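Open the model in your viewer and keep the selection tool at hand. The tour goes from stop to stop, with something to select at each one.

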Amino acid sequence: MNPIIAPSLLSSDFANLEKEIKMLNKSQADWLHLDIMDGHFVPNITFGMPVIRAIKKVAQKPLDVHLMIEKPERYIADFKNAGADCLSVHWEACTHLHRTIHQIKDLDMLAGVAINPHTPVAFLEDIIKDVDFVVVMSVNPGFGGQRFIMNSYKRIKELVELIEKHEAEAMIEIDGGVDLDNAQLLIDSGVDILVAGNTVFGSENPMETIAKLKKMIY
Ligand code: DX5
Ligand code: ZN
């Protein structure tokens with residue numbers, strides 16, 4: 001099987017978003033990864049509902065919206081209405097994670113939980129059967145183009161074991177520092193979804209880079 005490829009628009013040319021999205025429509029990308037940052041949960045601010053709505057008008061692929069915001073439960077329906085198909089919230093930002101995950105699923109979106117590089121994978125023990133995917137952050141969230149944290153391999157292994165132990169069906173998404181050199185090893189380790197920002201949009205031929213990522217096989 002081939003992985004799901006989710007290019008992150010964070011590294012795209014925001015002055016030419018329509019052009020970038022049309023390129024992704026034509027490419028082998030499966031999902032479009034949108035990073036929402038609030039300047040509180042992470043030390044950066046990106047964009048919100050109006051921009052997602054605009055992206056939705058052009059995009060022909062599912063929108064994978066990654067919320068790096070505090071109290072995300074306040075906005076679940078708003079993100080659905082803006083066009084999100086997959087919605088992930090951070091474990092560290094949710095006091096009532098179980099409720100929030102089910103709010104997302106009740107609105108017919110795929111529900112994901114994201115964990116920061118220092119959050120023990122074991123903390124997912126009692127939520128793993130409820131989520132559709134886990135976002136393993138392989139950089140500290142907030143910025144594109146950061147270096148991959150090597151300890152993430154150990155965390156992916158722990159997560160694969162946790163999923164097997166519970167006979168859960170959660171997919172594993174890796175986010176941060178994914179490139180053409182580590183992608184195959186990540187897939188071999190059990191990753192289902194590759195997010196890539198800088199690797200795709202910083203390359204000379206983004207469509208070709210996406211095709212190369214897509215070609216990697218389990
Ligand atoms: C980081 C974001 C990532 C980011 C990945 O906080 O969650 O999605 O865009 O960018 P790269 O692939 O450049 O590390
Ligand atoms: Zn992200």
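**Before you start**

This is a predicted model, in which local features need pLDDT of at least 70, side-chain atom pairs count only at pLDDT 80 or more, and totals for chains, interfaces and linings use all residues. Residues are numbered from 1 along each chain as its sequence is written, chains are lettered from A and ligands numbered from 1 in the order in which they are written, and side-chain values use heavy atoms, with hydrogens and water left out.

**Stop 1: ligand 1**

Select ligand 1, which sits in the largest pocket. On a 1 Å grid over the protein atoms alone, a pocket is an open set of points where a 1.4 Å probe fits, with protein on both sides within 12 Å along at least five of seven lines. A molecule sits in a pocket if more than half of its atoms lie within 2 Å of the pocket's grid points.

Now show the residues around ligand 1. There are 20 of them, and the closest are Ser8, Gly142, Gly145, Asp175 and Gly197. A residue is counted here if one of its heavy atoms lies within 4 Å of the molecule.

Which strand gives the largest share of the shell around ligand 1? Strand β2 does, with 3 residues. The strands β2 (32-37), β3 (63-68) and β8 each supply at least two residues of this shell. Strands (E, at least two residues) and helices (H or I, at least four residues) are DSSP runs, numbered from the N terminus.

Next, look for polar contacts, which are pairs of N or O atoms within 3.5 Å. From Ser8, a polar side-chain atom lies 2.8 Å from an oxygen atom of ligand 1. From His33, a polar side-chain atom lies 3.3 Å from an oxygen atom of the ligand. Gly197 uses its backbone instead: an N or O atom there lies 2.8 Å from an oxygen atom of ligand 1. The protein covers 99% of the 380 Å² of accessible area that ligand 1 has on its own; such areas come from the Shrake-Rupley method with a 1.4 Å probe.

**Stop 2: helix α2 and Ile55**

Select residues 49-58, which form helix α2. The buried residues of this helix are Met49, Ile52, Ile55 and Val58. Buried means under 20% relative accessible area, exposed means over 50%, and partly exposed is in between (1.4 Å probe, protein chains only). What covers the buried residues of α2 includes α1, β2, β3 and α3 (76-82).

Pick out Ile55 in this helix. Why does Ile55 count as buried? Its relative accessibility is 2%. Leaving out residues up to four places away in sequence, Ile55 touches Leu9, Leu17, Ile21, Leu32, Leu34 and Leu63. Contact means heavy atoms within 4.5 Å.

**Stop 3: helix α8 and Thr209**

Move to helix α8, residues 206-215, where Thr209 lies. The buried residues of α8 are Pro206, Thr209, Ile210, Ala211, Leu213 and Lys214. They pack against β1 (4-7), α1 (17-26), α6 (183-189), β8 (193-196) and α7 (198-201).

Thr209 has a relative accessible area of 6% and is therefore buried. Apart from neighbours within four places in sequence, Thr209 is in contact with Leu180, Thr199, Val200 and Ser203.

**Stop 4: Asn116**

Select Asn116, in the loop between β5 and β6 (133-137). Is Asn116 buried or exposed? At 9% relative accessibility, Asn116 counts as buried. Among its contacts beyond four places in sequence are Phe41, His90 and Arg155.

**Stop 5: two loop residues with positive phi**

Most residues other than glycine have a negative phi. Select Asp108, which is not a glycine but has a positive phi of about 65°. Asp108 is in the loop between α4 (97-106) and β5 (110-115). Asp108 is exposed, with a relative accessible area of 68%.

Then go to Glu167, in the loop between α5 (152-165) and β7 (171-175). The phi of Glu167 is positive, near 50°. Glu167 counts as exposed at 66% relative accessibility.

Terms used:
A polar contact is a pair of N or O atoms within 3.5 Å; within protein, one must be able to donate a hydrogen and the other to accept it, and residues adjacent in sequence count only if both atoms are side-chain atoms. On a 1 Å grid over the protein atoms alone, a cavity is a set of points where a 1.4 Å probe fits but cannot get out, and a pocket is an open set with protein on both sides within 12 Å along at least five of seven lines; lining residues have an atom within 4 Å of a point.
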